[in-house]
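Welcome! Try each task before reading its solution.

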Amino acid sequence: MIQKVFIVITILCVLSCSDKKTILPENIGNTTSEKFDLKKFNDNKIDSIYEYALQDTVIKLYEGKDQYKKELISDNHSFKRTFVYDKTTNLLVNQFSHFYGMPVGIWKSYDEKGVLISWKNYDENFDFSVKELIPMLKKDLQIDLINDTNYQSLLIDRFLYKRLFLFTSYCYVVQLNLMEGTRTIKIDGNTGEILSDIKTFAEE
């Protein structure tokens with residue numbers, strides 16, 4: 001009987017793993033020719049920084065000792081995409097994204113010739129992205145992660161956790177720091193189920 005249970009659990013684990021999203025390097029491009037817009041930067045920079053707005057996105061260009069950097073900040077400063085360029089060739093060498101400080105999307109690194117040398121998909125193992133999580137929380141819990149002004153600060157992260165015997169799953173954890181205390185919400189990263197919603201009130 002124990003052997004049969006073990007076999008069933010193993011099969012379910014294999015099926016679960018096979019459902020995970022896997023993005024191969026060829027799907028994200030093996031090379032890049034993107035370069036830092038040096039002329040635009042030099043024509044407009046003030047103290048090694050040039051900042052401007054394009055529709056709803058704030059664009060910041062920086063100059064460092066060995067690199068140039070471009071940041072695209074959108075959705076009320078919640079999303080930030082960062083591009084790092086080699087100062088000698090002006091070619092893109094690193095690309096990464098954050099949502100309130102949490103790594104999201106595919107991070108990429110390129111060599112001096114623009115060839116992809118490493119990548120990491122931070123959305124892997126999750127069946128929906130942060131951009132899909134935002135309307136889910138707004139609909140189910142009336143929480144707006146982008147425009148809500150009812151909380152003082154917001155923290156969000158993703159974790160691997162044990163839910164059942166020998167089974168592991170992935171979840172989002174959102175922590176809202178409110179005037180009256182803290183609200184912590186855990187969401188299943190595969191089903192979207194609200195696993196817990198706990199409020200801790202501050203002591204007077």
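**Exercise 1.** What volume does the largest cavity have?

*Solution.* Begin with a search of the whole structure, which is a predicted model: one cavity of 30 Å³ or more turns up. The largest cavity has a volume of about 40 Å³.

**Exercise 2.** Find out which residues line the largest cavity and which strands supply them.

*Solution.* Step one is to list the lining: Leu178, Glu180, Gly181, Thr182, Arg183, Lys199, Thr200 and Phe201.

**Exercise 3.** Locate Ala202 and find what it touches.

*Solution.* First, look in the segment after S11, where Ala202 lies. Next, leave aside residues up to four places away in sequence; Ala202 then touches Glu180 and Gly181. Finally, compare Ala202 with Leu178: they are 24 residues apart along the chain, and their C-alpha atoms are separated by 9.3 Å.

**Exercise 4.** Describe strand S5 (residues 92-99) and its pairing with S4 and S6.

*Solution.* Start with burial: six of the eight residues of S5 are buried. Then take strand S4 (residues 79-86), which pairs with S5 in the antiparallel sense over seven bridges; here Phe83 stands opposite Gln95. Five residues lie between these strands in their hairpin, where Asn90 has a positive phi near 65 degrees.

Now turn to strand S6 (residues 102-110), antiparallel to S5 over five bridges, with Ser109 as the bridge partner of Asn94. This hairpin has two residues between the strands, and Tyr100 takes a positive phi near 50 degrees.

Technical notes. Residues numbered from 1 in each chain as written. Predicted model: local features only at pLDDT ≥ 70, side-chain atom pairs only at ≥ 80, totals over all residues. Heavy atoms only, no water. 1 Å grid on protein atoms, 1.4 Å probe; cavity = no way out; pocket = protein on both sides within 12 Å on 5 of 7 lines; lining within 4 Å. Points joined across faces, edges and corners; volume = space filled by probe spheres on them. Helix = DSSP H or I, 4+ residues; strand = E, 2+ residues; numbered from the N terminus. Contact = heavy atoms within 4.5 Å. Buried < 20%, exposed > 50% of the residue type's maximum accessible area, 1.4 Å probe, protein only. Pairing = 2+ DSSP bridges.
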